[in-house]
Amino acid sequence: MQISELAEQAGTTPRALRFYEQSGLLTAVRDQRGYRSYDERDLAVVRQIRSLADIGFSLDETRPFVECLRAGNSCGDVCSGSIEGYRRKLTELDAAIAELQAARSKISAALDAVDQHAGY
């Protein structure tokens with residue numbers, strides 16, 4: 001399939017696909033006319049990248065998942081690098097949640113103090 005077909009099937013843009021290619025996450029084969037050509041494995045790679053991006057993974061963080069797919073696995077989640085990537089992301093999210101909860105507590109306490117001072 002050509003780049004426009006892949007973009008449509010993956011729910012992205014040709015520009016994003018070219019960026020993935022420049023980043024080394026996607027590899028295109030060129031046909032006789034010089035057009036990029038992709039197959040179903042490339043579609044799986046792009047879908048994996050997009051689904052991980054949707055939950056907060058950077059492009060660089062998707063590399064282990066892409067490598068897992070390129071190694072012949074039907075799913076990019078099953079390799080040790082992918083599992084470690086998930087664990088790192090969970091640790092990051094837990095830290096961010098803790099920071100947000102601490103900030104919320106401070107804001108709530110400030111509001112309580114303002115309410116008491118104003119007689120609400």
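Student: Which residues in H1 meet which residues in H2?

Tutor: In this predicted model, Ile3, Ser4, Leu6 and Ala7 of H1 meet Pro14, Leu17 and Arg18 of H2. By class, that contact has five nonpolar, one polar and one charged residues.

Student: What makes H1 roughly perpendicular to H2?

Tutor: The axes of the two helices, H1 and H2, come within 8 Å and cross at roughly 100°. Angles of 65 to 115 degrees count as roughly perpendicular, so H1 is roughly perpendicular to H2.

Student: Which residues of H1 are buried, and why are they said to line one face of the helix?

Tutor: The buried residues of H1, which covers residues 3–10, are Ile3, Leu6, Ala7 and Ala10. Seen down the axis of H1, they fall within an arc of 100°, so they line one face of the helix. They pack against helix H2 (14–22), strand E2 (36–37) and helix H3 (40–54).

Student: Why is Ser82 called buried?

Tutor: Ser82 has a relative accessible area of 0%. Buried means under 20%, so Ser82 is buried. Its place is in helix H5, residues 80–118.

Student: How do you know that the side chain of Ser82 makes a polar contact with Pro64?

Tutor: The side chain of Ser82 reaches the backbone oxygen of Pro64 at 3.5 Å, and the cut-off for a polar contact is within 3.5 Å. Leaving aside neighbours within four places in sequence, Ser82 is in contact with Pro64, Phe65, Cys68, Gly76 and Asp77.

Definitions and conventions: Residues are numbered from 1 along each chain as its sequence is written. This is a predicted model: local features need pLDDT of at least 70, side-chain atom pairs count only at pLDDT 80 or more; totals for chains, interfaces and linings use all residues. Side-chain values use heavy atoms; hydrogens and water are left out. Buried means under 20% relative accessible area, exposed over 50%, partly exposed in between (1.4 Å probe, protein chains only). Helices (H or I, at least four residues) and strands (E, at least two) are DSSP runs, numbered from the N terminus. The arc is that of the directions from the helix axis to the C-beta atoms. Contact means heavy atoms within 4.5 Å. A polar contact is a pair of N or O atoms within 3.5 Å; within protein, one must be able to donate a hydrogen and the other to accept it, and residues adjacent in sequence count only if both atoms are side-chain atoms. Axes are lines fitted to C-alpha atoms, for helices over the stretch in contact, and angles run from 0 to 180 degrees between N-to-C directions. Angles under 35 degrees count as roughly parallel, over 145 as roughly antiparallel, 65 to 115 as roughly perpendicular and the rest as oblique. Ala, Val, Leu, Ile, Met, Phe, Trp, Tyr, Cys and Pro count as nonpolar, Asp, Glu, Lys and Arg as charged, and the others, Gly among them, as polar.
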